[in-house]
Amino acid sequence: MTYRKTMKRIKVDVKREVLRANDMLAETLRREWKDRGILVVNLLSSPGSGKTALLERTVEALKDKYRILVLEGDIDTERDAERIRAKGVEAVQITTGGTCHLEANMVMRAWEEVSGEDWDFLFIENVGNLICPAGFDLGEHLRVVLISVPEGDDKPAKYPKAFMTSRWLVLTKMDLLPYFEFSPEKVIEEARRLRPDLRVFRTSAKTGEGIDEWVEALEETLHTLRETGPSAG
Ligand code: MG
Ligand code: ZN
């Protein structure tokens, strides 16, 4: 075997080990969160799709009834966490220092700072990127992918893994539909080709369209998580 080939194989093995360690930690976190009755939601999208805007609407709707924690993944700013705190909800910033996705160990370190309190919902805003965040399990119970109207309707075909691994799809900025060439039907059809049971929400954080339905679905999912009892093992 050539030197180059050997190097390539070693690199691949290291990557596999990193992912295996990540997945084991994610499983531990998922079990802890389930046992404590905390629903954990991981939001994935490109930069600027409106993850923070959707979260602002979401925490406004839920904060009087539930204890909500938000973990904000960002390469190097606190801005999104500050937007959430401005709504009166606790947010912990995770700055990845250049890494373009969150990993379970980053989430665990942030979680340890606030795990002493009781929470109902934990929302994780991943780093804006549709590629590698899809490869890292963070221990969430529910993965949600967002696409905004301005970014185009070809995303499922381009980034299949984000769609295959998400249970819900949120179309955002629906108020902009008249101004863009964007077919919600095309997106939904292509996304469901990758994931037939994908649940879809059409929303606008600006007008409030679809927010009630999204929030109700989150509440139902929390109740279902709690009804199914503690995890085995
Ligand atoms: Mg954001
Ligand atoms: Zn990355």
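This is a predicted model: local features need pLDDT of at least 70, side-chain atom pairs count only at pLDDT 80 or more; totals for chains, interfaces and linings use all residues.
Analyst: Residues are numbered from 1 along each chain as its sequence is written, chains are lettered from A and ligands numbered from 1 in the order in which they are written, and side-chain values use heavy atoms, with hydrogens and water left out.

User: Which residues of helix 7 are buried?
Analyst: In helix 7 (residues 184-194), they are Pro 184, Val 187, Ile 188, Glu 190 and Ala 191. Buried means under 20% relative accessible area, exposed over 50%, and partly exposed in between (1.4 Å probe, protein chains only). Of the 233 residues of the chain, 48% count as buried.

User: What makes the chain as compact as a globular protein of its length?
Analyst: The chain has eight helices and seven strands, which are DSSP runs numbered from the N terminus (H or I, at least four residues, for helices; E, at least two, for strands). Its radius of gyration is 18 Å, close to the 17 Å from the globule rule for 233 residues, so the chain is as compact as a globular protein of that length. That radius is taken over C-alpha atoms, and the rule is 2.2 Å times the number of residues to the power 0.38. The C-alpha trace spans about 60 × 45 × 35 Å along its principal axes.

User: Which residues coordinate the magnesium ion (ligand 1)?
Analyst: Thr 52 (OG1), Asp 80 (OD) and Glu 125 (OE) coordinate the magnesium ion at 2.1 to 2.2 Å. Donors are N, O and S atoms within 2.8 Å of the metal (3.2 Å for Na, K and Ca), and sites may look incomplete because water is not among the atoms. Thr 52 in helix 2 (residues 51-62) and Glu 125 in strand 4 (residues 121-125) are 73 residues apart, so distant parts of the chain are linked by this pair. Both Thr 52 and Glu 125 are buried.

User: Why is the contact between Asp 120 and Arg 226 called a salt bridge?
Analyst: A salt bridge is a side-chain nitrogen of Lys or Arg within 4 Å of a carboxyl oxygen of Asp or Glu. The closest N and O atoms of Asp 120 and Arg 226 are 2.7 Å apart, so this pair forms a salt bridge. Asp 120 lies in the loop between helix 4 (104-114) and strand 4, and Arg 226 in helix 8 (residues 211-227), so the pair ties together parts that are 106 residues apart in sequence.

User: How is Asp 120 classed, and how is Arg 226 classed: buried, partly exposed or exposed?
Analyst: Asp 120 has 4% relative accessibility and therefore counts as buried. Arg 226 is partly exposed, with a relative accessible area of 36%.

User: What separates Arg 20 from Glu 17 in helix 1?
Analyst: Arg 20 and Glu 17 are three residues apart in helix 1 (residues 3-35), which means a separation of about one helical turn. These two residues form a salt bridge, with their closest N and O atoms 3.0 Å apart. Arg 20, at 45% relative accessibility, is partly exposed, and Glu 17 is partly exposed at 43%.

User: How many disulfides does a search of the whole structure find?
Analyst: The search finds zero disulfides, a disulfide being a pair of cysteine sulfur atoms within 2.5 Å.
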